[in-house]
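Welcome to this short briefing. Please have the model open while you read, and follow the residues as they come up.

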Amino acid sequence: MKISTLRNVLTGKSSVTDLKDEIKTELERYIKLSRKSGSSIPVRVQEDSDYIFDSSALIGLCNFFIRQELDGYELSYIADAIHLSERITYKDKRIATYITEMTDPEINGPYTVNRAKKTIEEMSI
């Protein structure tokens, strides 16, 4: 996944379909390995730009999930990529916590639509 693609999707310059197409091949392996308990799952991030991940980006990601434009695996993969990237910084420390909740359902439990709605509510305060 390219950071620039993620940024373009979250700023409305590209469609979420562009991001999904970009991670499609990687996601197949991610899903297969995530179904095996205790497996290591590679996440590829092409760090082609810097990105300051702010509350509007987090809310956008949650909205894609709520509207079912991203499924749980896609959201988890993207959150893992965000979390692992050295060129993405968080505008607010709370954002890092919310992104971590979206990663690795085996450890954090499945991320739900209700949790995404609550995240948006908490970020709007």
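A residue counts as buried when its relative accessible area is under 20%, as exposed when that area is over 50%, and as partly exposed in between. Glu-69, with a relative accessible area of 27%, is therefore partly exposed. Please keep in mind that this is a predicted model. The points below start with the salt bridges, then turn to the core and to individual residues.

**Salt bridges**

- How many salt bridges does a search of the whole structure find? The search finds 7.
- Glu-69 pairs with Arg-67 through their side chains, with a distance of 2.4 Å from N to O. Arg-67 is partly exposed because its relative accessibility is 48%, which lies between the two cut-offs.
- Lys-20 makes a salt bridge with Glu-74, and their closest N and O atoms are 3.4 Å apart. This pair links distant parts of the chain, as Lys-20 belongs to helix α2 (residues 16–34) and Glu-74 to helix α4, 54 residues apart.
- Are the two partners, Lys-20 and Glu-74, buried or partly exposed? Lys-20 is partly exposed at a relative accessible area of 27%, whereas Glu-74 is buried at 8%.
- Arg-115 and Glu-101 meet through their side chains in a salt bridge of 2.8 Å, N to O.
- Glu-101 is partly exposed, with 25% relative accessible area. Glu-101 and Arg-115 also belong to a network of salt bridges that links them with Lys-118 and Glu-122.

- Which residues of α7 are buried? They are Arg-115, Ala-116, Thr-119, Ile-120 and Met-123.
- Looking down the axis of α7, you will find these buried residues within an arc of 145 degrees, so they line one face of the helix.
- Asn-114 and Glu-121 are exposed residues on the face of α7 turned away from the buried side.
- Among the elements that cover the buried residues of α7 are α3 and α5.

**The nonpolar core**

- In soluble globular proteins, nonpolar side chains tend to be buried together.
- Here, the largest nonpolar core has 36 residues. Leu-6, Phe-53, Leu-58, Leu-61, Ile-78, Ile-99 and Met-102 are those with the most contacts inside this core.
- Which elements give two or more residues to this core? They are α1, α2, β1 (51–53), α3, α4, α5 and α7.
- Leaving aside residues up to four places away in sequence, Leu-58 touches Phe-53, Ile-95, Tyr-98, Ile-99, Met-102, Thr-119 and Met-123.

**Two more residues to look at**

- Gln-68 is found in the loop between α3 (55–66) and α4 (72–84). The phi of Gln-68 is near 65 degrees, a positive value in a residue other than glycine.
- Why does Gln-68 count as exposed? Gln-68 has 69% relative accessibility, and the exposed class begins over 50%.
- Ser-4 is part of helix α1 (residues 3–10). Ser-4 is buried because its relative accessible area is 14%, which is under the 20% cut-off.
- Beyond residues up to four places away in sequence, Ser-4 touches Asp-48 and Ser-49.

Note on methods: Residues are numbered from 1 along each chain as its sequence is written. This is a predicted model: local features need pLDDT of at least 70, side-chain atom pairs count only at pLDDT 80 or more; totals for chains, interfaces and linings use all residues. Side-chain values use heavy atoms; hydrogens and water are left out. Helices (H or I, at least four residues) and strands (E, at least two) are DSSP runs, numbered from the N terminus. Buried means under 20% relative accessible area, exposed over 50%, partly exposed in between (1.4 Å probe, protein chains only). A salt bridge is a side-chain nitrogen of Lys or Arg within 4 Å of a carboxyl oxygen of Asp or Glu. Contact means heavy atoms within 4.5 Å. The arc is that of the directions from the helix axis to the C-beta atoms. A nonpolar core is a set of buried Ala, Val, Leu, Ile, Met, Phe, Trp, Tyr and Cys residues joined through side-chain atoms within 4.5 Å.
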